[in-house]
Amino acid sequence: MEISSLGFIGGGRITRIIINGLKRRGKVPGEIVVSDTNIETLQKLQNEFPEITIAPNDNSLPAEKEMVFFAVHPQVTADVLTEIKTFIKPTTFFISLVPRVKIEKIVEGTKCFPKIVRMIPNACSIVNEGYNPVTFSDTVTEEEKKTLLDFLSVLGECPVVSEEKLEAYAVITGMGPTYFWFQFNELKEIAKSFGLNEQEAEKGIAKMVNGTIKTLLGSGLSPEEVMDLIPVRPLQDFETQIKEAYHSRLEPLHKKLKAI
């Protein structure tokens, strides 16, 4: 089964990421419609992807498509679901990218039973390397799950997880790149100041980061043994402070996302 049309309700960052990921792999369906309340956001998106149709302040047009990505802020979710419920077909694949709002709330808001998927998107999907956990409503058949996963896997890996774990993934994998990107970029700039050129710095850091993860998670050594492999730790004096920052910022965030 091929997906022939996509609708995006919300034209922000994640919509741009998903369309980019699809386009990189030549998997853009024949029709894409994007709605948003911000005309400048839509015009910027259409400048980047001239093949899409934009629908300013009209969520009905994307809601009618075969697969709908729902990418709005949690606080307006109920109002937008009420607005689009008459346009969603029972056969629609409705993919909610909204944290906090459970499948049962989506069903209540639409008063119908479309094929509902919740997905925690990962920004690395823009280069087809995302880690995007999904969970399905009971109305999605096994065959339909396969169709959906085949389509979404273009963006990266899409593990099927229980719904109660999605908010944990939102904090760890969804927002996770932001914990490291600025550090990796700073390392690149320092490497260049030490005399490495751009290509040398980027390749060295990429290889180092990939090997770092594999060593910590795949070497069979304990975390303590891994951290003892290198005798000099230039940032050791800051490690306690960094750990405290993780706990003080991420634990309240997770609790807030689980509140609904």
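Contact here means heavy atoms within 4.5 Å. The model used in these exercises is predicted.

**Exercise 1.** Describe how helix α2 is placed against the strands.

Solution. Step 1: take α2 as residues 39–48 and β2 as 31–36. Step 2: the helix lies across β2 and β3. Step 3: its direction is at about 180 degrees to that of β3.

**Exercise 2.** Work out the strand order of the sheet and explain which strands stand at its edges.

Solution. Step 1: the open sheet is formed by seven strands, ordered β3-β2-β1-β4-β5-β6-β8, with mixed pairing. Step 2: β3 (53–56) and β8 (134–136) each have a single partner strand, so one side of each lacks a neighbour in the sheet and these two strands stand at the edges. Step 3: from one strand to the next, the twist averages 20 degrees.

**Exercise 3.** Determine in which sense β6 and β8 pair, and find the bridge partner of Arg118 in β8.

Solution. Step 1: strand β6 covers residues 115–119. Step 2: its pairing with β8 is antiparallel and has three bridges. Step 3: Arg118 has Thr135 of β8 as its bridge partner.

**Exercise 4.** Locate the residues of the nonpolar surface patch and classify Met227 as buried, partly exposed or exposed.

Solution. Step 1: the patch consists of Ile213, Leu216, Leu217 and Met227, which together have about 400 Å² of accessible area. Step 2: helix α9 (residues 198–218) gives the largest share, three residues. Step 3: Met227 sits in helix α10, residues 223–227. Step 4: buried means under 20% relative accessible area and exposed means over 50%. Met227 has 46% relative accessibility, so this residue counts as partly exposed.

How values were computed. Residues are numbered from 1 along each chain as its sequence is written. This is a predicted model: local features need pLDDT of at least 70, side-chain atom pairs count only at pLDDT 80 or more; totals for chains, interfaces and linings use all residues. Side-chain values use heavy atoms; hydrogens and water are left out. Two strands pair if DSSP finds at least two bridges between them. Helices (H or I, at least four residues) and strands (E, at least two) are DSSP runs, numbered from the N terminus. Axes are lines fitted to C-alpha atoms, for helices over the stretch in contact, and angles run from 0 to 180 degrees between N-to-C directions. Patches are made of residues with over 30% relative accessible area and no salt bridge: like charges are joined within 9 Å, nonpolar side chains (Val, Leu, Ile, Met, Phe, Trp, Tyr) within 5 Å. Accessible areas come from the Shrake-Rupley method with a 1.4 Å probe; for residues, only the protein chains shown count as cover. A salt bridge is a side-chain nitrogen of Lys or Arg within 4 Å of a carboxyl oxygen of Asp or Glu. Buried means under 20% relative accessible area, exposed over 50%, partly exposed in between (1.4 Å probe, protein chains only).
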